Amino acid sequence: MSGTSDTNWRSYVGPDDNGLTVNAAEWQAPPDPENYDDLVKGSNVSHLCVSGLTIPASREDSIDFVRGKNYVVQHCTVQGSITAKGSIDGLSLYGCCISGTIELGQYDNYWSRGRAPTRNVSILDCTSPDGSPIRVKLWDAEMPFCQNSNVKL
């Protein structure tokens, strides 16, 4: 571990942000997304909904969720990657256009032997900009449920 911390554009942390809906009134992209590691960061949040946003690519992920449960990303254009890790229980990607990779269960600072995997992930009605399959990488994660989405595991 390098000991350096991420530089995130907007972070949402439980329990203060539990149940929050992040939409265009709450979130706008930075003018210089390449200067940030993650643009939407969720940490240990329950029932965070990200809705109707265009999220550019950044140095690491457009969206990075770690720990928590019941995340929803709906009707968003995600121009970079999405990471969900830290034993998340519940993530729904619905009606999104995703340019980058979806990484599920990537190992993180909170990982320990015997911890539950990232689980209960659904990819529903999602596409890529050019119609090619959305790449999904599984690490410490259960197989996601996919419906009406062209994905390549």
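The following questions and answers go through a predicted model of a protein.

Trainee: How many helices and how many strands does the protein have?
Mentor: The model is predicted, and its secondary structure was assigned along the chain. The count comes to 0 helices and 15 strands.

Trainee: Which radius of gyration does the protein have, and what would a compact globule have?
Mentor: The C-alpha trace spans about 40 × 35 × 30 Å along its principal axes. For 153 residues, a compact globule would have a radius of gyration near 15 Å. The value for the protein agrees with this: 14 Å.

Trainee: What percentage of the residues is buried?
Mentor: A residue counts as buried when its relative accessible area is under 20%. Of the 153 residues, the buried share is 46%.

Trainee: What is the order of the strands in the open sheet of 3 strands?
Mentor: The edge strands are E5 (54-55) and E10 (97-98), each of which pairs on one side only. Strand E7 (residues 77-78) pairs with E10 in the parallel sense over 2 bridges, and Thr77 stands opposite Cys97 in E10. The order is E5-E7-E10.

Trainee: Which residue in E14 stands opposite Leu124?
Mentor: Strands of a sheet pair through backbone hydrogen bonds. E12 pairs with E9 in the parallel sense over 5 bridges, and there Tyr94 stands opposite Leu124. E12 is also joined to strand E14 (residues 145-147) by 3 bridges, again running parallel. In E14, the residue opposite Leu124 is Gln147.

Trainee: How many disulfides does a search of the whole structure find?
Mentor: A disulfide is a covalent bond between the sulfur atoms of two cysteines. The sulfur of Cys49 is too far for a bond, because the closest cysteine sulfur, in Cys76, is 8.0 Å away. Cys126 is also too far for a bond, because its sulfur lies 4.7 Å from the closest cysteine sulfur, in Cys96. The number found in the whole structure is 0.

Trainee: Is Cys126 buried or exposed?
Mentor: The cut-off for buried is under 20% relative accessible area. Cys126 has 1% relative accessibility, so Cys126 counts as buried.

Trainee: How far apart in space are Asp32 and Asn109, C-alpha to C-alpha?
Mentor: Asp32 lies in the loop between E2 (21-22) and E3, and is partly exposed at a relative accessible area of 25%. Asp32 and Asn109 are 77 residues apart in sequence. In space, C-alpha to C-alpha, the distance between Asp32 and Asn109 is 27 Å.

Methods:
Residues numbered from 1 in each chain as written. Predicted model: local features only at pLDDT ≥ 70, side-chain atom pairs only at ≥ 80, totals over all residues. Heavy atoms only, no water. Pairing = 2+ DSSP bridges. Helix = DSSP H or I, 4+ residues; strand = E, 2+ residues; numbered from the N terminus. Disulfide = S-S within 2.5 Å. Buried < 20%, exposed > 50% of the residue type's maximum accessible area, 1.4 Å probe, protein only. Rg over C-alpha atoms; globule rule 2.2 N^0.38 Å.
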